[in-house]
Amino acid sequence: MAENSEPIKYNKDELVPPDFLNEEFLQNVLEKDENDKNLKITKFDIIPGSKAGDHFASVMFKAIVSYTTKGKSISGRSLIIKTMPVDDGFKKEMLSEMNVFGREIEMYSKVLPEMKRIMESIGDKEELGPRCVYYSTDPVTIIFDDITKYGYEMYNDGFFGFDNVIKIVKKLAKYHALSYYMNDNKYNNKKIDFSSVQSLMKDSMIDTMKNFFGGIDYLQKELVNWPGFEVIAEKMLSQTDRLTNMLPKIYQPNPDSGINVLCHGDFHIKNMMFIKSGQDIDKVMFLDYQISFWGSPAIDLIYVLYAISDFDARERRGEIISIYHQAFCDYLTRLGCLKKPFSLLELNIELLEKGTMEIFWSCCLMPLFCMDMSKLDLEAMVTPTDATLLDFRQMMYKNEVVVKTLKKVLPDLLYKGILD
C-alpha cells in the first residue's frame with residue numbers, strides 16, 4: 001500500500017453506479033422533490049461523486065439531470081447521491097453493521113430540520129448541512145443538493161491556521177448549543193431523544209480499529225532514537241492496550257449531571273466544505289453526520305485540534321477552547337436556554353479526562369491526515385499485508401510535519417499525566 005506517484009482519481013467502488021440508479025429512480029426522486037407528477041427527465045448522467053481520499057464510509061455519485069417541470073426547463077441540476085457498496089466485502093459488511101445510513105437519515109430527516117426551525121425562530125439563517133432531497137432505506141440511499149453550485153468546495157491543502165479554525169469552532173459551538181438546548185426542552189419535543197443516539201465505538205469496533213492502533217508500536221520504535229524521549233518511549237509500550245480498553249468508554253455519554261452534547265462524531269477537515277476568499281473562510285458547511293452521538297464535546301474538540309488545526313493554531317489550544325466555550329454560552333443565551341452551561345474549567349477537566357483520545361489522534365490518525373489522501377487506497381488500509389503496512393508506517397512517521405507535531409504534543413501529554 002505504498003504511496004502512488006500519481007493520484008487515485010476516484011474510489012474503485014464509484015466508477016460504475018449500481019443498477020437501481022437509473023432514469024426511473026431519478027424520475028421518482030424529482031417528482032417528489034418538485035411535487036410534480038408530470039415532471040419529465042430530458043437528459044441525465046451519473047458520474048463519481050467525490051475524489052479519492054475524500055471519504056470512506058459510503059459510496060458517492062453525482063447525478064446531473066435536466067428536466068421539465070411546471071412549465072419550466074431545469075438544465076443540469078446536480079445531485080449528490082450517497083449509497084451502500086454493492087459488491088460484497090469488508091466495507092459493505094462494516095457499514096451494514098454500523099448502520100451509519102440509518103443514523104444519518106435520522107439526522108437529516110429529524111434533528112437538523114428541527115435545529116433549522118429553532119435557528120430561524122431567532123433570526124439565524126445559517127445552514128448546518130446541505131439540504132436532503134431524498135432518502136430511502138431500500139435501497140439505502142441519501143440524496144443532497146450539490147452545494148458546489150453555491151461556491152462550496154473541499155479543502156485539500158493541509159490544515160487551517162488559527163483564524164480559520166476559530167470560524168469552524170464557533171459554528172461547532174452553535175451546533176453543540178442547539179443540541180444542549182433541545183435536550184433541555186426534550187419534554188416539549190418528544191420526537192427527538194438524544195439519549196438513544198449512542199456511539200458506534202463499541203467493543204465490536206475495536207478489532208476494526210487495531211490497524212490504526214498498530215501505528216503506536218511502530219512509533220515507539222522510532223521514539224527510542226529521539227534524544228530526550230526515552231521516558232515517553234517506555235510509556236508508549238502500554239498505549240495500544242490502553243486504547244483498546246479505553247476508547248469504548250470514552251465514547252459513552254457522561255452521567256446526566258455531566259457534560260453532554262450531540263457530537264458530530266467525525267469532525268475532520270474532509271467532512272466539511274468551504275466558501276473562501278483567498279485563504280480566508282467565508283462560510284463552512286458540515287457534512288457526513290453518519291456517526292453523530294450523544295456524548296462529551298471534548299471528542300469533537302480533540303478533532304478540531306488534530307484534524308483541522310495546523311501546528312501554530314494547535315499552539316494556541318487554550319484560546320481555541322476558550323473561544324468555543326464563549327460562543328457556546330452566547331448562543332445558549334440567544335436561545336433562551338434555562339439550563340446553566342458547563343463552565344470553562346469543567347470543559348478543560350473534561351478534555352483531560354478524555355486525554356486517551358489525544359493519544360489516538362496525535363499518534364494514529366493525525367499522521368494519516370498529513371499524507372496526500374488522493375494517493376492512498378484507504379480500503380487497502382483495512383486489510384493490508386505486513387509488508388505494505390510497514391511501508392505505510394514508514395511514510396507516516398518520517399513525515400516532517402508529523403515529527404515536528406509529535407515532538408511538541410507527546411511531552412505535553414506526558415506532563416499532563418495522560419501517558420500514565
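## Leu243

Leu243 has 0% relative accessibility and therefore counts as buried (under 20% relative accessible area with a 1.4 Å probe, protein chains only; over 50% is exposed, in between partly exposed). Leu243 is found in helix H7, residues 239–250. Helices are DSSP runs of H or I with at least four residues, numbered from the N terminus.

Beyond its neighbours within four places in sequence, Leu243 contacts Phe213, Ile216, Pro248, Thr356, Phe360 and Cys364 (contact means heavy atoms within 4.5 Å). Phe360 lies 117 residues from Leu243 in sequence, yet their C-alpha atoms are 7.2 Å apart.

## Basis of the model

This is a predicted model: local features need pLDDT of at least 70, side-chain atom pairs count only at pLDDT 80 or more, and totals for chains, interfaces and linings use all residues. Residues are numbered from 1 along each chain as its sequence is written, and side-chain values use heavy atoms, with hydrogens and water left out.

## Helix H4

H4 has 23 residues. Its first and last C-alpha are 32 Å apart, close to the expected 33 Å (1.5 Å times one less than the number of residues). Of the 23 residues of H4, 19 are buried, so H4 is largely enclosed by the rest of the structure.

## H4 against H8

The axes of H4 (residues 162–184) and H8 (residues 297–307) come within 11 Å and cross at roughly 165°. Axes are lines fitted to C-alpha atoms over the stretch in contact, with angles from 0 to 180 degrees between N-to-C directions. H4 and H8 are therefore roughly antiparallel (over 145 degrees; under 35 is roughly parallel, 65 to 115 roughly perpendicular, the rest oblique).

H4 contributes Val165, Val169, Leu172 and His176 to the contact; H8 contributes Pro297, Asp300, Leu301 and Val304.

Methods: Helix = DSSP H or I, 4+ residues; strand = E, 2+ residues; numbered from the N terminus.
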